[in-house]
Amino acid sequence: MSIKYAETEPATGTSKYVGQGVDRRDGPAKTTGQARFAAEFPYPDLAYAALVHATIARGRITALDTAAARAVRGVIDVLTHENAPAMKPAPKMSFLDLSSIASGTSVNYLATDEVHWNGQPIAVVVAETPETARYAASLVRPSYQELPATVDFAAEEPNAVPERGIPIMESGADKGDARAALAAAPVSVDLRFSTPPYNHNAIEPHATTAVWDGDHLTLHEGAQNIPWLRKHLAQRFGVPETSVRILSPYVGGAFGGKSRAWAGTLLAALAARATGRAVRLALTRAGVYHTVGGRTPSTQRVALGADATGRLTALIHTSVSRTARIGGMPEPITAASHHLYAAPNIHLAQNVVQLDLLPNTFMRAPGESIGTFAVESAMDELAWQLGMDPIELRMRNEPERGPVGGQRFTHRMLKEAYALGAERFGWSERDPRPGVMRDGRWLVGMGVATAFHPSMRMPAQVTVRLGADGTLVVRSGMHEMGMGTATVQAQIAADEMGVPLESVRVEYGDSDLPPGPGAIGSVQTASAAAGVIDACAKLKKSVLALARRAPGSPLRGRKLEDLVARDGGLHHAGGGQTYAEILTAAGRDHLEAESKAGMLGFVARTVLERRRKVRAATGAQFCEVRVDPDTMEVRVSRWLGVFDVGTVINAKTATSQLRGGIVMGIGMALSEQTLIDGRDGRIVNPSLSEYHVPVHADVPHIDVHYLNEPDPTTPLGLLGIGEVGITGVAAAVANAVRHATGKRVLDLPITLDKLL
Ligand code: MOS
């Protein structure tokens, strides 16, 4: 396979590193095995914990026989609700304090005899070795009084009620009379889709190493949001936030699954407190399924009405998702449908049922990934009904302004994305008739779909420190989950200060650093960049102030606006000085500047801004499939995505991240699904051997192109790339399958039984 990196132009005239495909800074440490993940920190008195999981969906523990477990040599303690020190209850979810989102569930583990889901941890074994802990955990014998449980989404889905709405996410909307317009439309489709539950499967299963020193907790943890996790732990253990240190230098993938405090994290800290030992709790793969939320299943209705020319007259998108009685949040499934098509009549509504299951959580573009499956499949089906090219149909309905709210788009280049994609992919070679393109015996199909993910920002605190030797240290508690966090921020800082990339060090992944943005909602890079740019501007100001005071400095009497930061210093046409010279002349060994940003008002700003403008990363996904005409096995044979993500800082890391999203989308389309027993809520396939993520053989070469046009409303013109890659993917596959076979599959995953 040949790896091609899309060419990108530098973002600004003076930038040197932004726009370059720079190698990832964490690459050597990871490829040589030197990078230490949460379960790899040694402590001399380290003990190992293993969880005991409930095997009923709902009820009470009437007895918990731990004698056999305790009798195993090397067992230090078995913690249950009868003997564990109590944690404080989980804070209630409040959108005034977004850190409350860190509660994975509302359960107070080991402080109650109540069982709320099949898999809930009900005991923790601490032992001298991980093997001993796991073996002893298997010997704990609970007895239960079972209570009636509601666990079957398909059975409960008709009882869904409207969700109450989440301020930072879009949910329902109404414009005009969509029902009447649909009924009157000369051409229409009205389809019901379903998507199954999905589970997180990061390469690094969740793991925690917890160490107490008096009332001070040190926690090694792969985290997506260090400040919120720290606050949550401080609340649960009744200590000040300053007494909790979270170290998270490397995160082996997260995708939403490491953005909250789940049972393993809390129980590792609890076990360490109870035993006085350093405790490591590394979840098994099944342990992740049992204790870390995944994605809700959904049912969705999309109905589209159009006139004979393909102009939409009605767009209806409604959804049902599930949360749990003990937490979770409605997935914003119809969010993208607010912004995709210029229909005069729109009805969007989200409904929810609460079940006795582990709560759902954020996962790989929550909302947009499964929402675009439905709406983009329906658009394709409408194109069939109209006998129209599916790209042409989309272009005819491309909105000038926000279709629901009339907001201005800060960036909207879907026409350009489709045009470039069609040309590069060879869309004109597509025979519009279904089931006629062949490659030997294989049926060939081509499909497209639109990618869409909102571009948001969160507060980030950043300090930059310039040494007299000309080196620059950027400090912010950002998160590195494999996307190249330090690399791209070093590129930005090097350009802002005009210093060589090698002289910039980026510190991240530590709660002792200034609080960074969460690596959630595709916000981290743009949010941190804003802080880096601001801090660098302040730093240059201080440097200039120093220089202006120095007799004989060529910068005397100059303003910052007249100077260019380059070659390690500040320069104008007639001369300049390096930072090292300026600091040395002033007798300073360093200068530091800080960018501060508060969380206060963030929700209000987000909501208010959304009323005025729509800012989003978008893209055009092109998929080619080959379908075996006898077995109906589907193989994705080609992929091309054209993305409008604003400025591309680093085409190498960006392309890798977008490819990752597309691979996850292929999994969603063809193989992934969590199977839950409708009788007792048990996850039937909690392992990678039975929950099928795509392997290399399932993934073709993925071509990624960028429009690389800076957004005019964000620092450096960034729009965020973390999640847009997966959106539209499942629909593009389904649409290609429709083209290859003539069959429309409405229920994911598209397994061969649904095509035979
Ligand atoms: Mo994302 S699903 O906010 O990691």
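Tutor: We'll take a helix, then a helix pair, then a single side chain. This is a predicted model, where local features need pLDDT of at least 70, side-chain atom pairs count only at pLDDT 80 or more, and totals for chains, interfaces and linings use all residues. Residues are numbered from 1 along each chain as its sequence is written, and side-chain values use heavy atoms, leaving out hydrogens and water.

Student: What span should helix 9 have?

Tutor: The expected span is 1.5 Å times one less than the number of residues. Helix 9 (residues 368-386) has 19 residues, so it should span 27 Å, and its end C-alpha atoms are 26 Å apart, which agrees. Just after helix 9, glycine 387 takes a positive phi of about 65°.

Student: How many residues of helix 9 are buried?

Tutor: Buried means under 20% relative accessible area (1.4 Å probe, protein chains only). Here 18 of the 19 are buried, so helix 9 is largely enclosed by the rest of the structure.

Student: At what angle do helix 16 and helix 17 cross?

Tutor: Axes are lines fitted to C-alpha atoms over the stretch in contact, with angles from 0 to 180 degrees between N-to-C directions. The axes of helix 16 (residues 651-670) and helix 17 (residues 729-741) cross at roughly 55° and come within 8 Å. The crossing is right-handed.

Student: Which residues does glutamine 489 touch?

Tutor: Contact means heavy atoms within 4.5 Å. Glutamine 489 sits in helix 12 (residues 485-497) and is buried, at 1% relative accessible area. Leaving out residues up to four places away in sequence, its contacts include Met478, Val506, Gln524 and Val532.

Note on methods
Helix = DSSP H or I, 4+ residues; strand = E, 2+ residues; numbered from the N terminus. Buried < 20%, exposed > 50% of the residue type's maximum accessible area, 1.4 Å probe, protein only. Left-handed = near helix turned anticlockwise from the far one by under 90°.
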